[in-house]
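Q: Please take a close look at one part of this structure. Walk me through it in one go.

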Amino acid sequence: MTHAARLGARRSARPDVVVIGAGIVGAACALALVRESLDVLIVDASFTGGGSTAAAMGHLVVMDDSPAQLALTAYSRGLWERMADELPADCEYETRGTLWVAERDEDLEAARAKHAGYAAHGVAASIVDAAELARLEPALRPGLAGALVVPGDSVLYPPNAARWCVERAVALGARLREQCEAVSIDRGAVRVRGADGVEETVSAGAIVNAAGIDAPRLVPELPIVPRKGHLVITDRYPALCHAQLVELGYLRSAHGLGGESVAFNVQPRATGQLLIGSSRELVGRDGSVNRALLGEMVQRAMWFVPALAQCDAIRVWTGFRPATPDGLPLIGRWEAETGVWVAAGHEGLGITTAPGTAALIAADIMGRGAPIDPAPYRPTRAMPRADAAQAEEPSCRAT
Amino acid sequence: MPRDVTIIVDGRPIAAPEGTTLASALLGAGITQFRRSVTGESRAPVCGMGVCFECRVTVDGRAHQRSCLIPCTDGLHVETMPNDVRPWVPAVHTDGGVRTCDVAVIGGGPAGIAAATAAAEAGARVIVIDQGVRPGGQIWRHRDPASLPKLARAWIARCERARADGGSAPEWLARSTVFDASAGDDIVLRLTGEGPAAAGTVRARRVVIATGARELFLPFPGWTLPGVMGLGGAQALLKGGMTARGWRAVVAGSGPLLLPVAAALAHAGARVTYVVEQAPLSQAVSFGAGLWSRPAKALQAVRYGASLLGARIRFGTWVASAEGDADRVACARLTNGRRAWTVPCDVLCCSYGFVPNVELARLIGCDIQRGRVTVDATQQTSVPGVWCAGEPTGVAGESAALVEGQIAGLAAAGADARAHSARLQRARDAWRRFGDSLTDTFRPRDAVRALAADDTLVCRCEDVRRDALDPSWTVRQAKLYTRVAMGPCQGMVCGAACANLFGWSAGTVRPPVGGTEVARLG
């Protein structure tokens, strides 16, 4: 190939949009944008679904830590429902519902308030008492107060869901470059470095920074920190639990950017395996197993489901949630720089809210009205200071 | 003669001599369908030594128990192919407590026994942590000590009473494995298993890793059929009390284990029809010629040969595929690359040498090169306070393990000068060379490494077909997208198969190594 031809090839390859990051959020954005008939290039420093997505539980859940969180999760869960029939079997999409377990009567009060909020938003849910809870989930310890049942929540296998989005996007004309790191964004162009170490500049009409915990490497002002979590997976015990079981205190654990916390969160997988979570800590990018925190997390889970004690744990892993100080993702135009959009900072809800995020980004880039109010997610919104966020809530520890 | 005990299998009483392992008793009673795989295939024991997780059954209501690790006791209730799988709720939680020692030895085979003996004789307080019911590891696995070779009996007896003046003999923690290890000022080992100390912790100033090796399995069409097992697997199951009366056996693969396994099967009542070695005759002969400098080994080989009258012995020949039904293998297809022929069989033993067990060493952070733990002249690893002996430093067999174990044990006990003794160092170097030539001679040929067809399962835990794996992926991609190597065995079987098929290397190791109950993580 002559030099001119190579240049020509590069020029004609100038995409309308570069999506940085092929995690679930970037993958969903790419798919939404290619469906707008845009020419999309996806770049990822490693491979599709290999970052936070790889470590995620894959719980598609409506959450109500704030009205904006409720709006985005409820909207997104609906989008997943509509995609469900298209998803291949290896995405393991299953609607099993969530049980928000109330330990004491006062927790049941919280469940009732939660119920009202869900109802106001059109999210089906119901309160069950202690006896009904024991009937639904006999593996739970006796003496719990009850639960809020959200039957429409689902589960999927995140790495393959991201892969499916990317493969769909590629089938519709998008291009994918894995092992290709975005090293900087400058004046409507992305500087990328391929696996061979060769750098080049790709200019595009729009750049979507969906790089998760790496998003601040390209836009240093983004208030995203890695929040580490542990998960345990067991051998197959298909009859033990039926719905995803989460303690009502989970929101306390997830809220704010406090120190170490654990909460009971057990998910029965389509395979019959159980995923045991969850923990949160801010330790930079140290991915090693924190044995003490893992111990607390497991103790908490065994307190709720005593039979877990004898299940065989086959693997433990850690991952990093891209967390923001106010617990909401950063979705929309980055006004400080022309042609840059942000879709990052989803903390533990990236899998759930990927399709909603993609719809907001696509609408914004296309200059269309947003499907839900985009204001609460604007990347340039005012944020609580990190230290204020830490002081806001005492961390929720295992009891 | 041990007395018979009665176990109840799927409601049916079965008698077996006391001490027989459960897997051996079931196979001996003609039961070949142990568990149902995730895609519904029936499976039976393959490795016989706790690695492959294919022999899992429900024992006394407790799901997913490896039957090859459980001795038969009166009244044991066993369910095979269970439909309803639930965790077991015990009456009491056990807590093995915390033990402290100068030197913890992980593994009770020849390397571990030699290390424990040398360290205790040098005055160290020693704890040995071993998966087996009795000392000896895989090579010296036994039910009756009288059945052991003299050398093994002598070492086990010496280890039992090894101590310096005023010291104590090694404490032996049987039926225990280490699932987590962290190195700080002390090295903390967390234990799992069935032994009385199994739920406890060992704090050691120094550690000798003597975790041995597992077999190398290379997938071929039909390798997941019940009745297809490893050479070492067959040996372990026979030592565990399996009878093979009336079985037609094909013994295949590579390496010096072929003849002893064939002889042991014949001794247990099987009719061995074929013994096939993939290495060409010329290669095996030149290795065999080297054995004349080691008369004991040569004599052993001749003895095995004599007990196999009637078996056809073929070199440069391998198993291309196997066929059978859900119940068991029916025949093996053999080939020498020019022609292929079918041999009926009830059991097909096939494996290609050994893979060092380096997972614990990797977890502790020891440097590992080409699958072997890097050690210095005294067997010390790259992590201060951690030594390694035997197969994890490179497969070389029992004699190498004994010498390396002694060196490591002495050094770990602080007897550095003796660990450096010319006699031990020379012997170790000689056995290492022997090990290297063994590995070179019996390295599987390319044709054997590429036998898996598109629909052959590579990962037996998660039933991942070969054509589901894209060779352009990294190992991490493969794991995430298909769950290959992510099942209960955590790649202990298919990891090496993937390395051979796709060049994928082992990933990171995290606790729990080998798995443990959730409660142990808490």
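**Where chain B meets chain A**

A: Start with one pair: A:Asp312 has B:Glu517 as its bridge partner in strand 29 of chain B. The model is predicted: local features need pLDDT of at least 70, side-chain atom pairs count only at pLDDT 80 or more, and totals for chains, interfaces and linings use all residues. Residues are numbered from 1 along each chain as its sequence is written, with chains lettered from A and ligands numbered from 1 in the order in which they are written.

Strand 29 of chain B runs antiparallel to strand 18 (residues 312–323) of chain A, and 2 bridges join them (strands pair at two or more DSSP bridges; a strand is a DSSP E run of at least two residues, a helix an H or I run of at least four, each numbered from the N terminus).

Now widen the view. Chain B puts 27 residues in contact with 33 residues of chain A (C-beta atoms, placed from the backbone, within 7 Å). Helix 13 of chain B supplies the largest share, 4 residues. By class, this side of chain B has 15 nonpolar, 7 polar and 5 charged residues (nonpolar: Ala, Val, Leu, Ile, Met, Phe, Trp, Tyr, Cys and Pro; charged: Asp, Glu, Lys and Arg; polar: the others, Gly among them).

Key
Two residues are in contact if their C-beta atoms, placed from the backbone, lie within 7 Å.
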